[in-house]
Amino acid sequence: MRKSAMKRIAGLIGRTAVSCWHHGSPHFPPLPARATGPPYTCPQIRHLAAKQNKGQFKGQKIKSKPVKLEKQQKQEVEIKQRMTVSELAKAMNKDIDHVYEALLNTDVVLDEMEPDTVLEETWIKEAVKRSGMKHKWAKLVETKVRENKDIQRQAAPDPTQLVPRAPVVTIMGHVDHGKTTLLDSLRKSQIAAQEAGGITQHIGAFRVELPSGEKITFLDTPGHAAFSAMRARGAMVTDIVILVVAADDGVMNQTIESIQHAKKAKVPIIVAVNKCDKPNSDPQRVKEELVGHDVICEEFGGEIQAIHVSALKGDHLVELAEATVTLAEVLELKGDPTGLVEGTVIESRSDKGKGPVTTAIIQRGTLRKGCTLVAGKCWAKVRFMFDEYNQVMSEAGPSIPVEIVGWKDLPSAGEEILEVESEQRAREVVEWRSYMEEQDKMKEDQQVIEAKQKQHQESYKKDRESMAHLSWRQRRAALYRANKHKLSHRLSEKTEMEELTLPIIVKGDVDGSVEAILNILESYDADDQCELDVVHFGVGDISERDINLAETFSGTIYGFNVAANKSIQQMAAKKGIPLRLHRVIYKLIDELKDELSNKLTPSTEENIIGEASVLATFDVTVGKKKIPVAGCRVQKGQLDKKMKFRLVRGRNILWEGSVTTLKHLKDDVLTVKTGMECGLSLDNEELEYKPGDEIICYSESEIKQKISWDPGF
């Protein structure tokens, strides 16, 4: 090392000296003429070689220090198992594109790689190595298991603390069989007159005091097919189900579904055969039909009571109430008014003055103002309580329906209500439940990712095996040929997909209504025709946020039993956002089906107007041009010059277009009818006609397509 350094220094000195000599440097005086002495030597050469340091004597040898070449330290990257592309890029302090570039010319398919794609250990190490870095395994940090902060129902109460409670009775049955009219007659109100289309579309909770003094809590469930979840929820919180069946209509779809809900919840049934005052009513037929669904009335040897009533006229309603009270006494219904509150959310809505409001049935304890409640991932500090008449309540015990005001967020209908000791405890419970939901979602997403990766690897392996015998050039050419059509059609496919997507926003007055609509939309199965995308849903009136969201996604807003004030309507009109507001659910779904159908490309229908056969061919000179003309006879229908034409030879279509000239004898005509002869020339002068060819005259008309989705009603 030292010798080589000295050689380099010596070479540098020599080059410098020669340069100075030839260029007449002042340090090198020219040689005297006719010199006879020894060759001239330059005493300053040493000064050029090295600078003399202090304390260095003349003539002392210079010791050159060895040159140390510092080795460049490679950047260390902490890696771990199952890293995603974005995580690896962050660990390398690079952008995601750098990871893609590092994995070029490997077996990884970059076209299908996303930032959240999980990489195998091999490709993680390869990307780090190709980036000029070295990897080290990240230290395993022992994650602390989070303490379960959830709250559960209390243990069974002491039997000595139980007191008799009112029964909770759910009225169920098919749409328009008179359920709400029956409840109206029992509580002397006019609910049915206020409902859109006379159809119940909410689950209502009411407390009725009978003439005998007994109190019963009634839940009025919708009978429409769309509200299956509401009926199921009503069956789960009830003690007795009154199954209303119209004597003139019999057992229908939602009647059968209501029976199934009651049996699943193991709730006893009382049959109310309604509309017995109608001339075409047949109560006996109704009871016989019910036997086929394992609902056996007392007169057929069963245990189920069947009462013939007329809800409109109020006939035999006392007998129905007595049957309900008698069954409740047999069941010996009792509740615990002490301890922490437990209940169930029957319905939830957003009120302008009150904020989030829930209708609930209290099942245990006594609810009072100031109680702290948890339902799902929401909690409340009870500020006010109201009954079904909107009167303020001071407390609500078991079996009592109550409207609760004070929720921080809107809980979903059907959620379990539990009381906690403090607001801090409520926040802990909500935070824990949100955390667990997030963990479950991550597990589901991971399973989906793993399944897709496994499918892709199997497909990739299969493709590689099929091309194993080819050289890399042949393999590359084969892959290009296989994917060429995908590249050429990618843009058009994207445009077509954008056109055949309908983004919608759903708003409803209560949580149950939104739930019902979303349940219907889940049955949508026509994505191959037009994709339906629910970009947002919520409870409450149409807001400015909904309009802006609809504008962003170029979507439509569907509102059920909600309003849009004048300023919102003007904003929607200005931005071209369609507002579809409805009070009857099946009308909303019908309009949605129409809008989906309008998105579809119309199909083309062809109508044959006439057919002619070529008898002879000849040329006509027009100016300097020779135009081929076909002499024809019309065999069917007529030839219309304004329509489209087709030239057919055998089974092959040679040409489609329009006719430039159509003559009968020597006259230009617009139509030629059956049996007449004519001469015609087509808009393609290069065509050659042959006797026996067929010329077909046809028209095309567009037919509007209909979406194939059937929501079931």
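Predicted model: local features only at pLDDT ≥ 70, side-chain atom pairs only at ≥ 80, totals over all residues.
Numbering runs from 1 along each chain as its sequence is written, and side-chain values use heavy atoms, without hydrogens or water.

Back to that pair. Strand 14 (residues 372-375) and strand 18 (residues 416-420) run antiparallel over 4 bridges. Strands here are DSSP runs of E, at least two residues; helices are H or I, at least four; both are numbered from the N terminus. Pairing takes at least two DSSP bridges between two strands.

Now the whole barrel. 6 strands close in the order 11-12-17-15-14-18, with antiparallel pairing. Twist from one strand to the next averages 50°. Axes are lines fitted to C-alpha atoms, for helices over the stretch in contact; angles run from 0 to 180 degrees between N-to-C directions. Helix 12 (residues 423-466) packs on this sheet, touching strands 14, 15 and 18, at about 10° to strand 14. Contact means heavy atoms within 4.5 Å.

4 strands, order 20-19-21-22, parallel pairing. The edges are strand 20 (531-539) and strand 22 (579-582), each pairing on one side only. Neighbours are turned by 20° on average, direction ignored. Leu-502 stands opposite Leu-532 in strand 20.

Last, a helix. Helix 14 (residues 511-522) lies across strands 19, 20 and 21, at about 170° to strand 20.
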